[in-house]
Structure formats: C-alpha cells, structure tokens
Amino acid sequence: MDSLTHIALGACIGEAFFEKGFGKKAMLWGALAQSIPDVDFISALWLTTPESLLAHRGFTHSILFALLIIPAFALTAEKIHRPHNIPFKKWLIFFATEVSVHLFIDAFNNYGIGWLEPFSHIRYSFNAIYVADPFFSVWPGIAVVMLIILNPFHPKRKFWWKFGVIIPFFYLGYCTINKIKINEEVKKIFITHSIPHKRYFTTPAPLQNWLWYVVAGNDSGYYVGFRSVFDEKSEMDFQYFPRNDSLLKPVSDHEGLQKLIRFSQQFYTVEKYKGTLIFNDLR
C-alpha cells in the first residue's frame with residue numbers, strides 16, 4: 001500500500017496495543033514500524049532504474065529483514081521509555097505485528113514482494129487491491145485524526161482504533177472476493193473466446209476495486225481488456241499487443257534488460273519509436 005496508509009494503519013495498531021495514556025507515543029512507534037520496510041526507496045539515489053525496481057519491495061520486505069528489525073525496534077523502544085512496566089515480550093509482539101501487517105497487505109498489491117529474499121527472488125502478489133485505494137485508506141486516516149485530537153484517556157479512543165483497523169481488513173476481504181469472482185469469469189471467457197494463453201493475471205484498475213484489468217497471453221503477445229464486477233454478460237473486448245521481443249536481440253546480453261525482464265515476470269511488450277526501444281511492463 002502507499003506510505004500514508006501504512007503510517008495511519010500503524011498508528012491505529014499502536015493505539016490498540018498501548019491504550020490508557022501511552023497511546024500517542026505508541027502511535028508514533030507504530031507509524032514508524034509500519035513504514036520501515038519502505039526504507040528501500042532511498043536505493044533509487046544510487047541504483048539504476050532496473051536495479052531500483054528490483055530493490056523496491058525486495059530485501060526490506062522479506063521475512064529475514066523482519067526477523068532482524070523487530071528485535072532492534074523492541075530493544076530501542078524498551079530502552080528509550082525506561083522506567084516503564086511494559087514487558088519486553090509485549091514490545092516484540094507489537095513490532096512483529098506492525099512489520100508483519102505491512103508485509104501482509106503489500107502482497108495483495110500488484111508487483112508483489114520478496115518474502116524470501118535474498119534466498120529466492122520470487123515475488124508474491126495476490127493482485128487483489130490497488131496500491132493506493134482510498135476505500136481502504138480513508139478509515140485509518142479518519143481514525144488517526146480523531147486519535148490525535150482526543151486526549152490520551154478519552155473513552156472514545158478504543159472505538160476509533162477499532163474503526164481504523166477493522167474496516168480496512170473487511171474491505172480487503174471484500175476485494176479478495178471480487179478477485180476470485182473476476183478470475184472465475186475470465187477463465188470461462190478465455191475458453192469461450194479461444195484466447196491462447198500460457199500465463200495471465202487480473203488486477204484492479206487504479207483507485208477502486210470494481211473495474212479489473214486483465215492480461216492474458218504467451219511469448220508471442222498479450223490480450224488486454226477490462227472486466228467489471230457488475231458485468232453480467234460473459235463477454236469481453238480484448239486488444240492484442242504483439243510481444244516483439246525479437247527487437248531485443250541486439251541488446252539481449254544487456255544486464256539492465258535482463259533485470260527488466262525479471263521484474264516484469266514475462267508480462268512485457270517491446271516497441272521501437274524513433275530509433276529508441278521501449279520496454280512496456282504490462283502490469
């Protein structure tokens with residue numbers, strides 16, 4: 001998800017763990033912990049574009065990184081807030097929850113994340129929710145504003161952290177149901193329309209979850225179309241794009257190209273425009 005969503009959701013979870021006065025400090029820790037996997041954005045300052053694409057949601061979104069950063073956060077928070085009566089185990093569970101939630105919800109976006117980096121470069125992606133979906137993000141956003149406004153001991157704080165945590169996950173479940181429905185429908189459409197495909201994916205179009213982008217094809221090219229969850233007819237309009245990977249032969253040994261192909265997970269086309277090769281990631 002986008003950075004603001006992680007910050008807001010992390011703050012709400014922080015309030016959930018540490019109510020009764022410590023909540024606002026925990027909100028800050030929660031926002032920080034939820035954001036830490038996205039520290040990989042700074043790699044763009046020195047890496048090439050293909051390298052940066054692979055670095056994002058790579059190692060800092062892995063289980064190994066989580067195992068390293070969680071105790072580091074717990075030790076730091078425990079030391080900063082001395083004296084206190086918070087067991088170290090609670091600090092560990094709190095930061096484990098924050099980081100794990102980040103790694104969990106990011107896997108529902110397109111492009112995926114590298115849970116097993118650096119041991120495996122597989123990217124895990126459920127393609128169930130767009131990376132910036134206001135219908136997911138607005139609830140924790142509203143909750144954080146209210147939690148900031150209310151005093152640390154206000155009885156309504158419990159209501160607002162629940163509002164900011166529970167509703168987004170219900171919406172995520174709804175998005176997953178839409179994903180399953182769309183997948184079942186397009187599989188039937190592929191058969192009906194005789195769409196040849198070795199691989200395919202469906203993912204929400206930007207900023208909502210009712211219109212879905214569908215790509216299916218093979219090494220020759222891809223059929224691209226859109227499907228709404230409200231469509232009743234088992235029909236779709238597809239536009240075909242040849243892959244044109246023969247255009248890449250003169251630069252096939254270029255390291256940057258190999259990284260782009262790996263990042264695209266084979267969902268790409270190539271075109272030539274005014275002597276320049278254009279690599280299109282269809283996702």
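**Loop between α8 and β5.** I looked up Q265 and found it in the loop between α8 (255-264) and β5; helices (H or I, at least four residues) and strands (E, at least two) are DSSP runs, numbered from the N terminus. The phi of Q265 is near 55°, a positive value in a residue other than glycine. Q265 counts as partly exposed because its relative accessibility is 33%; buried means under 20% relative accessible area, exposed over 50%, and partly exposed in between (1.4 Å probe, protein chains only). I then turned to Q266, which lies in the loop between α8 and β5. Q266 is not a glycine, yet has a positive phi of about 80°. With a relative accessible area of 29%, Q266 is partly exposed.

**Basis of the entries.** The model is predicted: local features need pLDDT of at least 70, side-chain atom pairs count only at pLDDT 80 or more, and totals for chains, interfaces and linings use all residues. Residues are numbered from 1 along each chain as its sequence is written, and side-chain values use heavy atoms, with hydrogens and water left out.

I followed the chain into strand β5 (residues 268-273), which six bridges join to strand β6 (residues 276-281), the two running antiparallel. Two strands pair if DSSP finds at least two bridges between them. I noted that T269 has N280 in β6 as its bridge partner. β5 and β6 form a hairpin with two residues between them, and K274 in the turn has a positive phi of about 50°.

**Open sheet.** I traced an open sheet of four strands in the order β1-β2-β3-β4, with antiparallel pairing. Its edges are β1 (199-204) and β4 (238-242); each has a single partner strand, so one side of each is left without a neighbour in the sheet. The twist averages 20° from one strand to the next; axes are lines fitted to C-alpha atoms, for helices over the stretch in contact, and angles run from 0 to 180 degrees between N-to-C directions. Six bridges join β1 to strand β2 (residues 211-217), and these two run antiparallel. Y200 stands opposite A216 in β2.

**Helix α5.** I checked the length of α5 (residues 88-106): at 1.5 Å a residue, its 19 residues should span 27 Å, and its end C-alpha atoms are 28 Å apart, which agrees. The expected span is 1.5 Å times one less than the number of residues. Among the buried residues of α5 I list W91, F94, F95, E98 and H102.

**Cis peptide bonds.** I found a cis peptide bond between R82 and P83, with omega about -5°; P83 is in the loop between α4 (63-80) and α5. Another cis peptide bond joins E117 and P118, with omega about 0°, and P118 is in the loop between α5 and α6 (134-149).

**Surface patch.** V39, F41, I42, L45 and W46 form a nonpolar patch on the surface, with about 580 Å² of accessible area together. Patches are made of residues with over 30% relative accessible area and no salt bridge; like charges are joined within 9 Å, nonpolar side chains (Val, Leu, Ile, Met, Phe, Trp, Tyr) within 5 Å. A salt bridge is a side-chain nitrogen of Lys or Arg within 4 Å of a carboxyl oxygen of Asp or Glu. Accessible areas come from the Shrake-Rupley method with a 1.4 Å probe; for residues, only the protein chains shown count as cover. I placed W46 in the loop between α2 (23-35) and α3 (49-55). W46 is exposed, with a relative accessible area of 59%.

**Whole protein.** I counted eight helices and six strands. Of the 283 residues, 46% are buried.
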